[in-house]
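This report goes through one structure residue by residue and element by element. Please look at the sequence and the structure first.

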Amino acid sequence: MPKNKTHSGAKKRFRVTGSGKVMREQAGHVHKFHEKTPQKARALSKDVLVSKGDLKKVKKLLGR
């Protein structure tokens, strides 16, 4: 039986924690920092959990 391949784009964008949660980076933390307050930029730099609605799809793409 052939093995399933991990989705190349998904493995760059998501990571799985030791407890099995899937984390993602927040949008809006790449450029245009002159329009954002330092507090907003710091808040956007934190990783967040993937929403419940997307979790099943993301796990499938990651081969889990």
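Not counting residues up to four places away in sequence, V22 touches F14, R15, V16, V48, L49, V50, L55, V58, K59 and L62, where contact means heavy atoms within 4.5 Å. The model is predicted, so local features need pLDDT of at least 70, side-chain atom pairs count only at pLDDT 80 or more, and totals for chains, interfaces and linings use all residues. Residues are numbered from 1 along each chain as its sequence is written, and side-chain values use heavy atoms, with hydrogens and water left out.

V22 belongs to strand β2; helices (H or I, at least four residues) and strands (E, at least two) are DSSP runs, numbered from the N terminus. With a relative accessibility of 2%, V22 is buried. Here buried means under 20% relative accessible area, exposed over 50% and partly exposed in between, for a 1.4 Å probe and protein chains only.

In soluble globular proteins, nonpolar side chains tend to be buried together. Leaving aside neighbours within four places in sequence, L62 contacts T6, A10, K11, F14, V16 and V22.

The sheet is open and has three strands in the order β1-β2-β3, paired antiparallel. Because β1 (14-16) and β3 (48-49) are at the edges with a single partner strand each, one side of each has no neighbour in the sheet. Two strands pair if DSSP finds at least two bridges between them; β1 and β2 (residues 22-24) are joined by three. Across this pairing, F14 is opposite R24 in β2.

R13 lies in helix α1 (residues 8-13) and is exposed, at 58% relative accessible area. Apart from neighbours within four places in sequence, R13 contacts M23, R24 and E25. A polar atom of the R13 side chain is 3.1 Å from the backbone oxygen of G9.

| Pair | Residues apart along the chain | C-alpha separation |
|---|---|---|
| R13 and R24 | eleven residues | 6.3 Å |
| M1 and A43 | 42 residues | 45 Å |

M1 is in the segment before α1 and is exposed at 97% relative accessibility.

Helix α3 (residues 52-61) lies largely in the open, because the number of its ten residues that are buried is one. G63 follows α3 and has a positive phi, near 75°. K32 also has a positive phi, about 65°, although K32 is not a glycine. K32 sits in the loop between β2 and α2 (38-45) and is partly exposed, at 43% relative accessibility.

K36 lies over the face of F33, 5.3 Å from the ring centre; a charge sits over a ring if NZ of Lys or CZ of Arg is within 6 Å of the ring centre and within 35 degrees of the ring normal.

Conventions. Polar contact = N/O pair within 3.5 Å; in protein donor to acceptor, adjacent residues only side chain to side chain.
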